[in-house]
Amino acid sequence: MTRIDKNAVEVRGLVKHYGETKALDGVDLDVREGTVLGVLGPNGAGKTTLVRCLSTLVSPDAGHAVVAGYDVLRQPRQLRRVIGLTGQYASVDEKLSGWENLYMIGRLLDLSRKDARLRADEMLERFSLTEAAKRPAMQYSGGMRRRLDLAASMIGSPAVLFLDEPTTGLDPRTRNEVWDEVRRMVADGATVLLTTQYMEEAEQLASELTVIDRGRVIANGRVDELKAKVGGRTLQIRPSDPAQLPAMAAAVADAGLDGLAGAQAVLDEGLLYVPILSDEQLTAVVGLLGVRGFGIAHIGTHLPSLDEVFLAITGEKTLSSEISDTIAEEVAA
Amino acid sequence: MSAVTITAAPAKALPGEGRIGLRANVRHIGALVRRNALQIKQDPESMFDAVLMPIVFTLLFVYVFGGAISGKGNQQAYVNYVIPGLMAMMGMNIAMAVGTGVNDDFKKGVMDRFRSMPIARSSVLIAKIVVEIGRMLVATAVLLGMGFLLGLQIHTSVLELAAAIGLSVVFGASLMWIFILLGLTMKTAQAVQGVAMLVLMPLQFGSSIFAPPTTMPGWLQSFTDYNPLSNLADAARNLINGGPVADSVWMTLGWAAVITAVTAPLAVAKFRKKT
């Protein structure tokens, strides 16, 4: 398929300095058409500046960026026709009702009065806001506001959607709602560039990841590739009979499979953990247990978390894990 | 990696390409005017200045200073002096609100949305001005209503009254660009208000709005003579009461043209660059 090879966003050597601060210090990245690229990085890494450059809100100092075929510097007007932007702060008019906001956006996008009305109704329905349609947005909950924001970004069915930390500050349930919406947008054919500080969010939504720190790209690739680069998977096996756990661990350890580090039986959880580096090892371990006559109730593999990935790449902790460490220490103290 | 070639990009946008047509521009401004009007509907208190200020000022000036300026029991004559003056002042006070409004807007994400949309960036500002002109007309209507209650008489014709109103609106609209520029430059809405008051007070009181400058010291008279608010007040006064209008009308229009020519491009440029 040719469309897989087409890039909806191409960024080369993008630089933006604010005085001494190098918000972007030569960023390269690609987003393939119809996919989600997660741009992952701690606070102050340059994620928001990147999004603002790509959506023509600020001009880069150097470098090039092309979005949906339009150059951000040379063709900003055309570019604005094909993008949608949802920033960290709700970009809707809080004094206007949900419906009025969407109708206004429709008119600004040159829809006729009738089409703008229909589109506003349609989007409210789709984002489950019909009941709140007439209330001013300032009375909306955080999740509703964010949904309205996404709806506003989707009015013009943009080819490329920029989501700058779309779930920051939302509770887990609302966050899941936003994730579902993003998945639907992608299913409808949109290309999404999503910035996030949350490893879980990138894992949930993105097929590819670019990790940035202090304005530079420090890693990129498919989510699973990145994880595999950092460390292998762990195979989790739940035996039919928990009493067999020690015997299973011994059997795997004694088999002397090539490159296998060993196996650990965790009796509390009723699970056998086997770190593996390849699919062959996985097959070999499962095959061995089958040949020896052990009953297996459940098998799963666990990839290292993206927090661990970030730590491995930068040698530094991310802000979110620092905070949770601090909380853990405070709780311990 | 894909085969999209990236040619060396000039730093400037290509002229003409993807330009917003006039009809689309008018439609966008219309949608944004509607937005500002809906904001007022949602927050009626924002009309207090336009509705209450003319009432309070008229009562205060006519009854507190009227007697002193025109002689006791002679407030009637002062009504015809001060109401046209207050028309000039109203425009300035309403224009001030546009600065704080623009400043507030920029604190909110909605400005990012407008700026990332395919609309002329000036349309956001023009819509604001259109709505403020509407507010000015409301304020002027209240002011004239108060004036008629207190005995204001039009010695000329409705046509000249309309000309006086039109002149105040044109001048007020030109002042809005100054306040928009201030609103885009200052950090907070409070700071905008502070600076605006500092400029407004001497301009308003050092003019012929409230009292004839003939009793003022010479140095102040030369200030009031060149104060555009004096020109506007004199023009409105003579349009309503009869008298020579040509000089003051042309002076006022000249000021409005110069102020707009200088500050409007600066404000739009500032608006474009603001991040």
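# A tour from strand E1 of chain A

Start at Glu10(A), which stands opposite Val66(A) in E4(A). This is a predicted model, where local features need pLDDT of at least 70, side-chain atom pairs count only at pLDDT 80 or more, and totals for chains, interfaces and linings use all residues. Residues are numbered from 1 along each chain as its sequence is written, with chains lettered from A and ligands numbered from 1 in the order in which they are written.

**The strands.** Helices (H or I, at least four residues) and strands (E, at least two) are DSSP runs, numbered from the N terminus. Select E1(A) and E4(A). They pair in the antiparallel sense over five bridges; strands pair if DSSP finds at least two bridges between them. Lys16(A) has Leu24(A) as its bridge partner in E2(A). E1(A) and E2(A) form a hairpin with two residues between them. In the turn, look for Gly19(A), with a positive phi of about 60°.

**The core.** Go next to Val67(A). Among the residues it touches are Val9(A), Leu54(A) and Val160(A), not counting residues up to four places away in sequence. Val67(A) is one of the residues with the most contacts inside the largest nonpolar core, which has 146 residues. Such a core is a set of buried Ala, Val, Leu, Ile, Met, Phe, Trp, Tyr and Cys residues joined through C-beta atoms within 7 Å. Buried means that 20 or more other C-beta atoms lie within 10 Å of a residue's own, with C-beta atoms placed from the backbone. Helix H3 (residues 75-107) of chain B gives the most to this core, 17 residues.

Select residues 142-154 of chain A. This helix has 13 residues and reaches 19 Å from its first C-alpha to its last, close to the 18 Å expected at 1.5 Å a residue. The expected span is 1.5 Å times one less than the number of residues. H5(A) is mostly covered, with 11 of its 13 residues buried. Among the buried ones are Arg145(A), Asp149(A) and Ala151(A).

**Where the chains meet.** Show both chains. 38 residues of chain A are in contact with 32 residues of chain B; contact means C-beta atoms, placed from the backbone, within 7 Å. On the side of chain A that touches chain B, the largest share, five residues, comes from H2(A). The residues of that side divide into 15 nonpolar, eight polar and 15 charged.

Terms used
Two residues are in contact if their C-beta atoms, placed from the backbone, lie within 7 Å. Ala, Val, Leu, Ile, Met, Phe, Trp, Tyr, Cys and Pro count as nonpolar, Asp, Glu, Lys and Arg as charged, and the others, Gly among them, as polar. A residue is buried if 20 or more other C-beta atoms lie within 10 Å of its own, exposed if 12 or fewer, and partly exposed in between; C-beta atoms are placed from the backbone.
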